[in-house]
Amino acid sequence: MTEQVKVDLVLDLKGLLCPMPIVKLSQAIKDLPVGAVIEGIATDPGVMADVPAWAKTSGQELISIEQRDKEYRFLIKKVK
Amino acid sequence: MANNGSVQKALEILEKQLNQPLKTALEVCARCGICAEACHYYVAEPKVEHVPAYRAEQLRKIYRKKHNFFGKYVSWLVDAEELDDEKFNKLVEMAFSECTLCRRCTFNCPLGVDTPLVMRTIRAMATATGKAPEILVMLADSAIAKGENPEIFKEMFLQQISQLEKELQELTGNPEAKIPVEKKGARVLYVGLAGAHTIIPPAIIFNEVGEDWTLSIYEAANYGVFLGDVERAKKIAKRIIDEAKRLKVQEVVVAECGHACAALVWDAPNWFAEKFPFRIRSVVEVVAEYIQKGKLTLDPKANSEPVTYHDSCNLARTGGIFREPRIILKAVVKDFREMNPNGIENYCCGGGGGLVALPEYYEKRMRAGKPKAEQIKRTGAKIVAAACENCKLQLGDLNNYYNLGVEVKGLVDLVANAILYRKKAYASSN
């Protein structure tokens with residue numbers, strides 16, 4: 001997925017447990033301009049449910065979310 | 001003094017929240033100062049701002065301005081004050097970063113003054129005026145969004161559970177081991193947290209005892225509680241209450257999570273003014289009962305390193321769940337060492353009240369966690385067990401910050417380990 005979208009920030013969320021991946025994501029997106037894309041890499045499967053809910057609540061765009069072996073990768077675009 | 005909109009709104013919230021327990025907390029204080037030594041903030045850094053009575057006094061001054069005869073007309077006589085923007089901002093900072101709502105001060109107060117209730121009220125005032133930490137608001141709203149639109153995560157959740165089920169089968173060597181989801185008529189609805197670590201160990205235990213269980217699609221965490229926002233907290237809890245009703249379960253079992261347990265077990269029946277058609281308990285109580293009833297055969301040799309136990313404030317102090325963890329530990333641990341004080345007198349780890357989710361207060365919570373770090377160090381334990389997710393996160397951070405050289409585990413981790421250890425021993429002997 002990263003091949004098609006220019007990623008502005010890679011967020012290493014590996015080893016973090018609920019709710020820290022979402023906390024770190026919320027913090028990181030604040031410092032980016034509108035239009036920027038974050039790639040998050042987590043190991044906690046909880047992100048598969050939490051990131052889409054966070055995107056809906058915060059109004060940011062979830063471009064994709066997928067599992068690769070034991071890692072969960074998602075792309076979030078800052079839209080506001 | 002002219003009040004701006006947010007101060008006015010905050011005062012309205014204060015008026016709205018003024019029930020008898022809050023009025024009592026705002027009117028009663030002997031100023032004896034016993035609460036000072038009860039507070040982990042004060043023990044870590046003895047200064048007046050860390051005395052619970054001082055903190056409560058900051059809102060009492062505002063309360064007296066309206067509700068005390070002298071406060072209204074001769075404010076200086078009773079130290080009554082108008083609320084303004086600057087004071088309100090200080091109150092908010094204090095309520096979110098200098099009190100973990102652990103209630104140790106209340107338990108040690110000769111008059112039982114509920115200072116955490118005062119802090120919760122300030123948190124509610126902050127939330128209503130948009131001054132609460134936005135991460136807590138966002139976490140609460142994400143949970144509500146999941147309840148309103150389960151389709152945004154359910155498919156992915158089910159995929160993850162199916163993978164976790166395979167992991168469970170590999171771990172237990174039992175191809176029949178299951179993680180049922182949305183099973184109608186199951187006896188138990190287990191509510192975990194986001195993440196495998198709160199699902200796999202209980203799944204090992206439930207499968208071992210042959211429990212008729214099903215996993216909730218929601219997580220137990222309730223950030224509405226930390227915001228002092230009963231409406232948000234109710235919406236988050238309602239997802240689980242409705243699911244339990246829909247599935248017609250007999251019991252809801254809450255993951256190792258202090259505030260979630262407090263919200264579902266003790267607050268929810270009051271919030272909804274309802275007697276639920278099912279029982280709600282902590283997984284700690286349920287596992288202790290399995291052990292007492294002889295449903296689990298466990299070998300303490302599985303956990304041979306010295307273990308100490310940190311009592312979660314919500315479970316031990318609020319809920320009285322301090323015997324059950326020790327029933328579990330005695331069954332699964334070879335060398336259990338109490339930290340002192342413990343049980344209902346245990347010090348807060350410093351991460352409660354939502355603080356672990358607020359990176360801006362990291363240094364503050366590390367300093368406030370010093371008494372806990374010292375307690376742990378004195379035990380000489382290599383493993384610190386806890387039955388609360390917030391506590392575990394904080395204990396992990398304290399471990400790194402103070403170089404404690406310990407490992408942090410849940411009670412269910414130790415039980416699951418003892419089950420798997422026995423299975424492995426049995427397999428190798430045959």
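In chain A, 61% of the contacts with a separation of 6 or more are accounted for by residues 24 or more positions apart, two residues being in contact if their C-beta atoms, placed from the backbone, lie within 7 Å. The model is predicted: local features need pLDDT of at least 70, side-chain atom pairs count only at pLDDT 80 or more, and totals for chains, interfaces and linings use all residues. Residues are numbered from 1 along each chain as its sequence is written, while chains are lettered from A and ligands numbered from 1 in the order in which they are written.

The secondary structure of chain A consists of two helices and four strands, arranged from the N terminus as β-α-β-α-β-β. The radius of gyration of chain A (taken over C-alpha atoms) is 11 Å, close to the 12 Å given for 80 residues by the globule rule (2.2 Å times the number of residues to the power 0.38), so chain A is as compact as a globular protein of that length. Along the principal axes, its C-alpha atoms fill a box of roughly 30 × 25 × 20 Å. Of the 80 residues of chain A, 42% count as buried, that is, with 20 or more other C-beta atoms within 10 Å of their own, these atoms being placed from the backbone.

In chain B, B:Ile179 lies in the loop between α12 (154–172) and β1 (188–191); helices (H or I, at least four residues) and strands (E, at least two) are DSSP runs numbered from the N terminus. B:Ile179 is buried because 25 other C-beta atoms lie within 10 Å. Not counting residues up to four places away in sequence, B:Ile179 touches B:Ile161, B:Leu164, B:Glu165, B:Leu168, B:Ile199, B:Ala203 and B:Leu215.

Terms used. Buried ≥ 20, exposed ≤ 12 C-beta atoms within 10 Å, placed from the backbone.
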